[in-house]
Amino acid sequence: MKMASYSQNRLCYKNGTLNDFTQEFFHYQNWEMLSVASERKINSELKDFKCNLVEDIKYFKSKSIKEKPIFLYHFPKKVFGHIQNNHRFYLKSLDKENTFKDIISTNFLPQMWYQEYQTIPGKNDKQEEFSVKSFVFVANSQPFLVYNSLGYLETSSKTTYELSQLEQIIQNSNCKLTYQEIMQKIEEMITYTMISSYQKFQQNVKFFSNFEITIKFDKNNWQPLLVEIQALNLVQSSLYSENDKNFKTPKFNFLLDYMQSVYNLELEIMQNFKSFDKLKTQVQKYTENYYILKLLINQENEFFGPLQSKKIAEISQIFPKKYWLCLNNMNAKVLPVKKWVQQHKPNWIILDDIKRYKYNIQNCDIAYTLEKFPYSQLDFKTQVWNKFKEYKLMHNKGNFYKLLRAYDLKDKYTFNSTSFFPESYLLEYDTPKMTYDEKVFMAKKYQPGDTQQWIYKPVYSSRGRGISIFDSLEEAQKNYQKEKRKTVLKDDSTLKPDNTLQKNRRNLNQYLLQKYIKDTQTLENRKFDIRCYLVFGWSEPGAELVLFNSGKVRRSLHDYVEDGEDEMDSNSQLSQHLTNIALSKKEYKKEQDIFRNQTMTTIQQFRDHLEDKQGLSKQKLDEIFFEMKKILAYTAEAFLNKIPKQPGHFETYGMDIMFDKNWKPFILEANTSPMFNTKDYNDALKDQVYEILGSVMDLETFLVENKSRAKELIKEQTQLPLGHLDILFNRANGFSILNEFKKNKKQQHIDKKLEKEMDIKFDELNSDDEKENTIDSEMDSNENEIDTDELYTNDCPQLDQNCEQQIIIDNQNFTEYCEPIF
């Protein structure tokens, strides 16, 4: 075969040496061959576009190679393993589709492990099983372009023979089939097998792959049987042995012709590459065999080789459009999503472990992950991630407090967060300087006999960890002084010489102090909250869609005893105040079934209870839930106002809401990646949780499947599969439950002067917020903080200065607090 000469390019390879023929071929084509020792080095070469053909790579990080004349070979390796190990499953799935007549996988798959096969005389005239080795070349993945070449015979002792000898073997047997009929069956079987594995090849990257298929024959009727399929790396030296090379065995002779055909076709495709989208036009041109390669499948031309006359389904059914859901961190928060999609979305392929195999990220229609994820590899114009990059603005308790405070300055509505978020102060022990919030907090005066409690939460913690309850303002202030003093004393184990915390401790020692909602509603004498769900369903600018689900009710494990805490142990004291499931589990008593049935209930059971036991009317209950929706819509507005307008995101937050004695709702905190695991739930709760999860995933998969007209569908709204979700606002059509609470222009004009004053007052609080654009940025301390090193003098000049500014707290003026805090 004559070799065509192409312009100089580079082959990057690793994991061993190239075989002689590969080196000779690419050297003749004037290609440079670069041995690369590691994945990191290959990614470095790819980033600079220094490789045109990359061999044996597990993953890559460059998104740009999709449109560059760069192709991957022997890729993707993990998919090869899936096909080798699961080809029976894929074949059975294709059988159910009934796309071809007179062919089904049970006709050519061995039915039992002790299947007996045809034999031929081998060494010492002993009978040996033999097989036909057939080779498949996937020349393009999108659209699917597949070639095949029948290779040689191989016995169980690894002796090889020319394929032509099979015809003589058949003629000398009692086989009722002719050689041509058997070859036809083999080609049909291989074509059917490759179609069944089609979806696994649909990667959003250009690659070439080879497979070796082992075929044996039933001892009774000579029916060809597919025994094995495995990936084949043509370039490696292990492809053939020195013995094959020295004795020019049938295997060696065939592989030389096969490699030459494959390499020439590869280079032709690479040379003609213009763009990824134009590959369709390029693939259309391949309508004939290519040297010893026989064309089996050309998706673009609807060609199916030996199965062409047996096709009884439309091309869309044979090659159905599939979508990819990519998962990582396969823990209890992600597994329910996988289970739901498997049960309800057969047109979605689930790809696990994308954190490890980063190449899969390019193929994700939806990436469903937890916090740590290389989201920079996603193209948000075409892909969707189940998180926002700025999720910590909600999840971090300190940032959430600042987020609401900053949005209050917009003064757009007749209410703001002060009506539904408890009075709070962010205490930052990671800096020796005193922040604005800390100054205001310490300026509050303790009144003798005041029993107002305060709840103290680590801003980075969850599941109730690190929470304390202070019985008075005085106790809370003393605790602050104690903790702040640790930083001021410059503990060498945590502070650098410049008085800043070591990197690994930075921002890890912040607490949110909140006024405890004392007169709260109880449920049969126990504190309770509602874990409802705030769903950012679609983030496309101009089509932002925010939804709500009422969630579930969580109750504390112990009765609330206002004056009986001294008689309880520390765990019991805390668990009468908190409803967190993690705390309840610690004291779970199986014989009493306390955890499953006494700490959680469904919203419907909750409503029924309030109607039956407390006499609340349906109208009153609807009003309560509307108030919940209203404050969550305000929160969602605050979040979207803060982050850049960006497509490609959705996210579900678990929002914890508690009520005072008048059924006024208060938001306690927001939780990213809420738990949808139902292991410890009763049947009613399990059903409700799956309803929530199913509603979210049904909506997201629907919008992704119709991404080109998602904005139109959201605006129309009637076709959206909302399930158990209620719309809070829809920017595509202007609907919002907050519209009736918007201030008119006259009110906004009246408040304009006050807003400017508040802007100045809180400028230092929010200055860092305006600069934060990534999830890794945290809001730092204020410009005007006082250095607490100077607070050891009785004169307290800096604090005197601050007192003269008359700090305003709770509409009262405090001008007397001028003493050192330590």
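This is a predicted model: local features need pLDDT of at least 70, side-chain atom pairs count only at pLDDT 80 or more; totals for chains, interfaces and linings use all residues.
Are Y456 and F470 buried or exposed?

1. Let's settle the opening question. Y456 is buried, and F470 is buried as well.

2. The label follows from the angle, because planes under 30 degrees apart count as stacked, over 60 as edge-to-face and the rest as tilted.

3. Now find where the two residues sit along the chain. Y456 belongs to strand 18 (residues 454-458) and F470 to strand 19 (residues 468-470), so their pairing ties together parts that are 14 residues apart in sequence.

4. Next, turn to F528 and W663. Their ring centres are 6.3 Å apart and their planes meet at 50°, so this pair is tilted. F528 is in strand 22 (residues 526-538), while W663 is in the loop between strand 25 (651-659) and strand 26 (665-672), so the pair ties together parts that are 135 residues apart in sequence.

5. How covered are F528 and W663? F528 has a relative accessible area of 1% and is buried. W663 has 9% relative accessibility and counts as buried, because the cut-off for buried is under 20%.

6. Aromatic residues can also gather in a group. One aromatic cluster is formed by F80, F100, F108, F144, Y192, Y198, F201, F211, F304 and F319.

7. K206 lies over the face of F71, 5.3 Å from the ring centre. K387 lies over the face of Y391, at 4.7 Å from the ring centre.

8. Helix 14 (residues 436-443) is mostly covered, with eight of its eight residues buried. Among them are Y436, V440, F441 and M442, but also D437, E438 and K439.

9. Finally, move to the surface. M112, W113 and Y114 form a nonpolar patch there, and together they have about 440 Å² of accessible area. M112 is found in the loop between helix 3 (77-97) and strand 5 (119-121). With a relative accessible area of 37%, M112 is partly exposed, because that class falls between the cut-offs of under 20% for buried and over 50% for exposed.

How values were computed. Residues are numbered from 1 along each chain as its sequence is written. Side-chain values use heavy atoms; hydrogens and water are left out. Patches are made of residues with over 30% relative accessible area and no salt bridge: like charges are joined within 9 Å, nonpolar side chains (Val, Leu, Ile, Met, Phe, Trp, Tyr) within 5 Å. Accessible areas come from the Shrake-Rupley method with a 1.4 Å probe; for residues, only the protein chains shown count as cover. A salt bridge is a side-chain nitrogen of Lys or Arg within 4 Å of a carboxyl oxygen of Asp or Glu. Helices (H or I, at least four residues) and strands (E, at least two) are DSSP runs, numbered from the N terminus. Buried means under 20% relative accessible area, exposed over 50%, partly exposed in between (1.4 Å probe, protein chains only). Rings of Phe, Tyr and Trp (its six-membered ring) pair if their centres lie within 6.5 Å; planes under 30 degrees apart count as stacked, over 60 as edge-to-face and the rest as tilted. A charge sits over a ring if NZ of Lys or CZ of Arg is within 6 Å of the ring centre and within 35 degrees of the ring normal.
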